[in-house]
Amino acid sequence: MTKIAVYGANGRMGRALCEASINSETTDLVCAAVRDNNELLGQAVKHFIAKGDTQVRFSSEHTLESQPDVIIDFTLPVGMKKHLAYAVAHKIPMVIGTTGLTPTDMAELELAAKEIPIVFSRNYSVGINLLENLVKTAAKTLADDIDIEIFELHHKHKIDAPSGTALMIGEAIAEAKGWQHDDVAVFDRSKDEQAKSQKEIGYSVMRGGDIVGEHTAYFAAEGERLELTHKASSRMTFAKGAVRAAAWLHNKPVGLYTMQDVLGFR
Ligand SMILES: NC(=O)C1=CN([C@@H]2O[C@H](COP(=O)(O)OP(=O)(O)OC[C@H]3O[C@@H](n4cnc5c(N)ncnc54)[C@H](OP(=O)(O)O)[C@@H]3O)[C@@H](O)[C@H]2O)C=CC1
Ligand SMILES: O=C(O)C1=N[C@H](C(=O)O)C[C@H](O)C1
């Protein structure tokens, strides 16, 4: 059994991760860490999840006594970096799902992966990881006059935009095309005074209600259009994927891995 500590355990994903860790046959939840000022401190986790039983109570992120094999973090960039420093100091492998990371944050993460094993993915669903490979095939196969756009929809509480997944899809397309993503990514057309150029990946975003997460990559040509869409309808999809990644990561050598490695896609 892989012993898991979930950080940010009170969050939407945190609770789903606790539930998935408890209900997986290969993992056990040993720690549900929250910030020191959180009202859930000391309360029983089992009262805050839909399914499963556990004796674990919410504890402070500063008092890790449960000796986990892996830490899972789905928080915000500032929280993730704090938890990452802790994991490195205690040599505990980490599964990270936090999005909205800057290039500097990513450099920190890559440096940490020289000290501990890390899985980092901006989406832990199997479907999105398959989609990542499908868009590469589409980008390589379709003619050069194809227009490429990515549209994503998420719930009204989401902070970062475009989503980490949208950027992951766009970066996969850019790689397949041999483009530098930052040179071709277009996030705002409102000030444009001319039509788009051919070599672009356009992003658009909708936020509202309780949408768990939807992504479409459009490949539009004269006379036909290919749309590749993924729709997540439950956070448990991401949580189960992250818990699977944690079990996979346990006892792996130091290094930076992705969900593509966990799924055996590469
Ligand atoms: N990779 C993937 O598959 C997925 C990634 N995500 C990503 O996961 C992250 C969390 O999403 P979600 O659960 O919806 O967000 P929530 O707002 O529900 O939860 C955020 C959690 O992070 C904690 N947190 C925020 N700031 C800090 C800090 N400075 N130190 C410690 N803890 C902190 C919050 O604690 P507090 O309540 O005390 O503020 C809370 O527990 C986002 O980045 C999201 O994009 C989401 C779904 C899937
Ligand atoms: O914040 C979310 O909810 C999600 N975030 C991830 C992202 O930014 O892509 C993954 C998923 O789409 C849900």
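Into which domains is the protein chain divided? The chain splits into domain 1 (2-120 + 235-262) and domain 2 (126-232), with bounds that come from an automatic or database domain assignment. This is a predicted model, in which local features need pLDDT of at least 70 and side-chain atom pairs count only at pLDDT 80 or more, while totals for chains, interfaces and linings use all residues. Residues are numbered from 1 along each chain as its sequence is written, and chains are lettered from A and ligands numbered from 1 in the order in which they are written.

**The two domains**

- The C-alpha centres of domain 1 and domain 2 lie 28 Å apart.
- Seven residues of domain 1 are in contact with eight residues of domain 2; contact here means that the C-beta atoms of two residues, placed from the backbone, lie within 7 Å.
- On the domain 1 side of this meeting place, helix 7 (236-249) and helix 8 (259-262) each supply at least two residues. Helices (H or I, at least four residues) and strands (E, at least two) are DSSP runs, numbered from the N terminus.
- That side of domain 1 has one nonpolar, five polar and one charged residues. In this scheme Ala, Val, Leu, Ile, Met, Phe, Trp, Tyr, Cys and Pro count as nonpolar, Asp, Glu, Lys and Arg as charged, and the others, Gly among them, as polar.
- UniProt, in an unreviewed entry, places the feature "domain: Dihydrodipicolinate reductase N-terminal" at residues 3-124. UniProt positions are given in the numbering used here, feature names are shortened, and annotations may be inferred rather than shown by experiment.
- Residues 3-124 are 30% helix and 22% strand, and the end C-alpha atoms of this span lie 19 Å apart.

- Seven strands make an open sheet with parallel pairing, in the order 3-2-1-4-5-6-12; two strands pair if DSSP finds at least two bridges between them.
- Strand 3 (58-60) and strand 12 (255-257) are at the edges with a single partner strand each, so one side of each has no neighbour in the sheet.
- Neighbouring strands of this sheet are turned by 25° against each other on average, direction ignored. Axes are lines fitted to C-alpha atoms, for helices over the stretch in contact, and angles run from 0 to 180 degrees between N-to-C directions.
- Helix 1 packs on the sheet, where it touches strand 1 (2-7), strand 2 (27-34) and strand 4 (70-73). The direction of helix 1 makes about 155° with that of strand 2.
- Three bridges link strand 6 (residues 117-120) to strand 12 in the parallel sense, and Val 119 stands opposite Tyr 257 in strand 12.

- Strand 7 (residues 147-154) runs parallel to strand 9 (residues 201-207), joined by seven bridges. Strand 7 runs antiparallel to strand 10 (residues 213-221), also through seven bridges.
- Phe 151 has Ser 204 as its bridge partner in strand 9 and stands opposite Thr 216 in strand 10.
- Strand 8 (residues 185-186) pairs with strand 9 in the parallel sense over two bridges, with Ala 185 opposite Ile 201.

**Around the ligands**

- Ligand 1 has 24 residues around it, of which Gly 11, Met 13, Thr 75, Gly 79 and Gly 97 come nearest. A residue is near a molecule or strand if its C-beta atom, placed from the backbone, lies within 6 Å of it.
- Helix 1 (12-23) and helix 2 (77-90) each give at least two residues to the shell around ligand 1, which divides into six nonpolar, 14 polar and four charged residues.
- The residues around ligand 2 include Thr 99, Arg 122, His 154, Lys 158 and Asp 160. The shell of ligand 2 has no nonpolar, seven polar and three charged residues.

**Backbone details to look for**

- Most residues other than glycine have a negative phi, and most peptide bonds are trans.
- The peptide bond from Ala 161 to Pro 162 is cis, with omega near -10°; Pro 162 sits in the loop between strand 7 and helix 5 (164-177).
- Gln 67 has a positive phi, near 50°, and is found in the loop between strand 3 and strand 4.
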